[in-house]
Amino acid sequence: MTNPDDFARLVLQHGNRAQDDAPSKRLMTMAVVQRVFVTGKVQNTGFRDWAVRRAQEFGVTGWVRNLKDGRIEMLVAGEDDAVTAMTEACRQGPPLARVDHLEANADGERVPKGFTKRFTA
């Protein structure tokens with residue numbers, strides 16, 4: 001699939017159904033945490049608000065903030081498929097953004113509650 005939105009829809013459709021099938025399946029899924037850096041024309045484009053909305057759709061937790069060097073930084077935590085879907089959606093970003101590069105790495109930070117927009121760091 002070339003369109004991140006198509007991939008995201010697939011995860012939302014099939015991922016949620018699997019969760020509803022059996023509570024024991026939820027115990028088998030592993031929470032992952034990724035720190036994501038997005039480079040390009042990503043500030044002053046609504047990227048952070050867009051990321052908060054997408055995170056709620058995917059059911060991931062974490063935060064998003066602008067960096068003084070012009071990048072966006074995010075911490076994304078949740079089930080592997082949901083974190084992957086969020087990361088893939090960020091490769092395109094909101095309509096006004098132009099993403100040149102995305103770097104995502106596993107992170108050991110504590111899993112946060114909710115998904116928030118933070119101040120510039």
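Me: A nonpolar core is a set of buried Ala, Val, Leu, Ile, Met, Phe, Trp, Tyr and Cys residues joined through side-chain atoms within 4.5 Å. Which of the 24 residues in the largest nonpolar core touch the most other members?

Reply: This is a predicted model, in which local features need pLDDT of at least 70 and side-chain atom pairs count only at pLDDT 80 or more, while totals for chains, interfaces and linings use all residues. Residues are numbered from 1 along each chain as its sequence is written, and side-chain values use heavy atoms, with hydrogens and water left out. Membership requires burial, that is, under 20% relative accessible area, as against exposed (over 50%) and partly exposed (in between), with a 1.4 Å probe and protein chains only. Among the 24 members, those touching the most others are Val38, Phe47, Val60, Met74, Val76, Met86 and Phe115.

Me: Which elements each supply at least two residues of this core?

Reply: Elements are DSSP runs numbered from the N terminus: helices (H or I) have at least four residues and strands (E) at least two. The chain has 4 helices and 5 strands. At least two core residues come from each of β1, α3, β3, α4 and β4.

Me: Which residues does Val76 touch, not counting residues up to four places away in sequence?

Reply: Val76 is among the core residues that touch the most other members. Contact means heavy atoms within 4.5 Å. With residues up to four places away in sequence set aside, Val76 touches Val32, Val33, Gln34, Val36, Val60, Thr61, Val83, Met86 and Phe115.

Me: Which strands stand at the edges of the sheet?

Reply: Two strands pair if DSSP finds at least two bridges between them. The open sheet of 5 strands shows mixed pairing and has the order β4-β1-β3-β2-β5. Two strands each have a single partner, so one side of each lacks a neighbour in the sheet; these are β4 (98-106) and β5 (115-117).

Me: By how many degrees are neighbouring strands of this sheet turned against each other on average?

Reply: Axes are lines fitted to C-alpha atoms, for helices over the stretch in contact, and angles run from 0 to 180 degrees between N-to-C directions. For neighbouring strands of this sheet, direction is ignored, and the average turn is 20 degrees.

Me: Which residue in β5 does Val64 stand opposite?

Reply: Strand β2 (residues 61-66) runs parallel to β5 and is joined to this strand by 3 bridges. In β5, the residue opposite Val64 is Lys117.

Me: At about how many degrees to β5 does helix α3 run?

Reply: Helix α3 (residues 47-58) lies across β1 (31-41), β2, β3 (72-79), β4 and β5. Relative to β5, helix α3 runs at about 170 degrees.

Me: How many residues apart in sequence are the parts that Lys117 and Asp49 tie together?

Reply: A salt bridge is a side-chain nitrogen of Lys or Arg within 4 Å of a carboxyl oxygen of Asp or Glu, and the whole structure holds 9 of them. One of these joins the side chains of Lys117 and Asp49, at 2.9 Å from N to O. Lys117 belongs to strand β5 and Asp49 to helix α3, so the parts tied together are separated in sequence by 68 residues.

Me: Which residues do salt bridges that share partners join into one network?

Reply: Arg98 and Asp100 form a salt bridge with closest N and O atoms 2.9 Å apart, and Arg98 is partly exposed at 48% relative accessibility. Through shared partners, other salt bridges make one network of Arg35, Arg65, Glu73, Asp107 and Glu109.

Me: What distance separates the C-alpha atoms of Arg65 and Arg118?

Reply: Arg65 lies in strand β2 and is buried, with a relative accessible area of 19%. Beyond its neighbours within four places in sequence, Arg65 is in contact with several residues, including Glu73, Arg118 and Phe119. Arg65 and Arg118 are 53 residues apart along the chain, yet the separation of their C-alpha atoms is 4.9 Å.
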